[in-house]
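Let's take a walk through the aromatic side chains of this structure. Have the sequence and the model open as you read.

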Amino acid sequence: MLAIKLAYRNLIGAGLRTWLNVFVLSFTYILIIWQYGVIDGWNYQAKFDMQAWEFGNGQYWQRNYDPYDYFSFEESHAAIPELLQKATSEGIVTPILISQGTIYPDGRLQSMILRGISPNQKVIAIPSAELNTKSEEIPVVIGRRMANSCKLKQGDITTIRWRDANGTFDAKEVKVVKIFNCDVPSVDAGQMYISLEKLQEMMQTPGEATMFVVGENSAMKDSISGWKYKSIDFLMKDMTELIKMKKVGGSIFYFILLLLAMLAIFDTQVLSIFRRQKEIGTYIAMGMTRKQVVGLFTVEGAMHAILAVIVGAVYGVPFLLWQMKIGMTMPAGSDDMGIPIAKTIFPVYGAGLVISTILLVLIITTIVSYMPAHKISKMNPTDAIKGKIQ
Amino acid sequence: MEQNFLITINNLVKNFPIGGGEFTALNGINLTFNTGEFVGFVGPSGSGKTTLLNIIGSLDTPSEGSVNVLGREVGKLNTKKAAILRRQHLGFIFQTYNLLPVYSVYENVEFPLLLLKMNASERKKAVMDALVWVGLTDKIKSRPAQLSGGECQRVAVARAMVKKPKIVLADEPTANLDAANSHNILKMMLKLNEELKTTFIFATHDDKVIKYLKRKISLEDGKVIQDEIIKTNKEK
Ligand SMILES: Nc1ncnc2c1ncn2[C@@H]1O[C@H](COP(=O)(O)OP(=O)(O)OP(=O)(O)O)[C@@H](O)[C@H]1O
Ligand SMILES: [Mg+2]
């Protein structure tokens, strides 16, 4: 195509100005891809962690269970139905009994959630096997966040208080046998794990559970009366929304960057159409149609985006790959935000992300280049040849 | 319409809008041109030379009357058809050279052939031929900024001639050149006129150019006041 060949000559001939625009654009590309890559990587890791530690491949909730309403816990335990009993013994699902309790770090009262979990389960990553530890006190397992907020260390003994199914308060000593590290705050902050049987006994609800986690290798989702199946999509909804918001937030930032790049290109285009009137007149005198000249200037502008892909690839690909390998260390304290964030996020760049970014920038650049170039078709060639239009 | 002429101009009037009214730059021009002429419009500044040349070059349109170039009615061509006429049959040479600044000498001369979609090997040969005509084969990689005024105008001549057009229109081609360069350029154009039978039409008030013309059309206030054939080509 003639326009491409001529546009290329003109751009390369224009030298520094071209490369400045190309550099800004290539930077935009890399930043968009990198930022989205980090968000996607975070999303991917968070989903992975949440499935491993909490959601498995879905959950069964006792009819009344509402994780956001602590008062629902009193009514939301029921006898384990036969189907789930069988699945439990096959290791496909694992039951969890949930109850409210209180703990007294430094003599302050702090409420927490007691989770009864089978020490032998392998469905989720909670190190429940540690609950088999022999000790005079009741062995419990907690996460790092819980340990920090209650100032507990491994081997510490502390008092917990709870109310059983009949509404009677009781208190006992527990011993922290294990503190685990986990990127999912909801299974850690304010949570204490205790042997399922022990909690059933404490609650006086033998053989009962609040919910079941379905193992990641199982697709079990049969409906069971009195229990509600919650799919992984449902359970991840909050996280998915959050990721969406993050992406929108991110787009505002790169929208500004893109705007700057587009301004630079628009400016270059407007300027060149004024500075290059004589050239435009000459093109027309030599027999280019106005459409061809407009096309040439548009392609010239749009070609910035294509050159930027090449330039961006030169320094961007090594950078992106390096980031993918070493990951991005999240600032200290980011795990207190209540959302699952790994200490190091490894960006994930999908082909879709790369292609859509390139297309987006290319299309916008083309439009921005066309707008001023369009004015050429209104130019009077005899004035343009002399370069006298002001 | 007399189709046997290369160019036929009948009762041409050109008005320009100025302020509230109109300014008549050309007023009742009647002219014909044959193949192979070496002709110039001469006259004082503002007499309408450039305007007439632009209309013949289909860069501008008549207000009244008709201008027929190579069988096409210039006033009735749309911008695309006019562009095609220029692309195929017309070459332009300007006072200010109007070379493409980021292109090399070679690329500048090649440009009209790219528009004609000539294939690469033919194109290369034609460009080299044109550069031989103007004696610039040693500067093919230079940019216009690296050339003297005379060299620039030689590139412009090569660019106008490379596609061997029927008509070359040259508006004050020597205005920015010294005497030696002016003679050089004119001799070259005369030679091409004789060898290739290309019609040259000038707009000029430069005596150096006028000396070379084979036909001199004098304009004043938008009217032809004299149209003379000059038999002898003095001091070539
Ligand atoms: N676009 C225009 N608008 C208004 N008036 C114009 C326009 N172009 C030319 N004119 C007027 O028409 C007249 C003829 O102009 P033209 O450029 O043809 O003169 P010229 O003979 O080429 O003069 P010069 O020797 O100075 O180049 C001038 O008076 C000029 O002011
Ligand atoms: Mg003039």
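A residue is called buried under 20% relative accessible area, exposed over 50%, and partly exposed in between (1.4 Å probe, protein chains only). This is a predicted model, where local features need pLDDT of at least 70, side-chain atom pairs count only at pLDDT 80 or more, and totals for chains, interfaces and linings use all residues. Residues are numbered from 1 along each chain as its sequence is written, chains are lettered from A, and side-chain values use heavy atoms, without hydrogens and water.

Let's begin in chain B. B:Phe38 is buried, at a relative accessible area of 1%, and B:Phe202 is buried too, at 0%. Their rings form an edge-to-face pair, 5.1 Å centre to centre with 65° between the planes. (Rings of Phe, Tyr and Trp, the last by its six-membered ring, pair if their centres lie within 6.5 Å; planes under 30 degrees apart are stacked, over 60 edge-to-face, and the rest tilted.) B:Phe38 belongs to strand E3 and B:Phe202 to strand E8, so the pair ties together parts 164 residues apart in sequence. Strands are DSSP runs of E with at least two residues, helices runs of H or I with at least four, numbered from the N terminus.

Over all chains, the search finds 19 aromatic pairs. In one of them, A:Phe23 and A:Phe27 are stacked because their centres are 6.4 Å apart and their planes at 20°. These two residues sit four apart in helix H2 of chain A, about one helical turn. A:Phe23 is partly exposed at 46% relative accessibility, and A:Phe27 is partly exposed at 38%.
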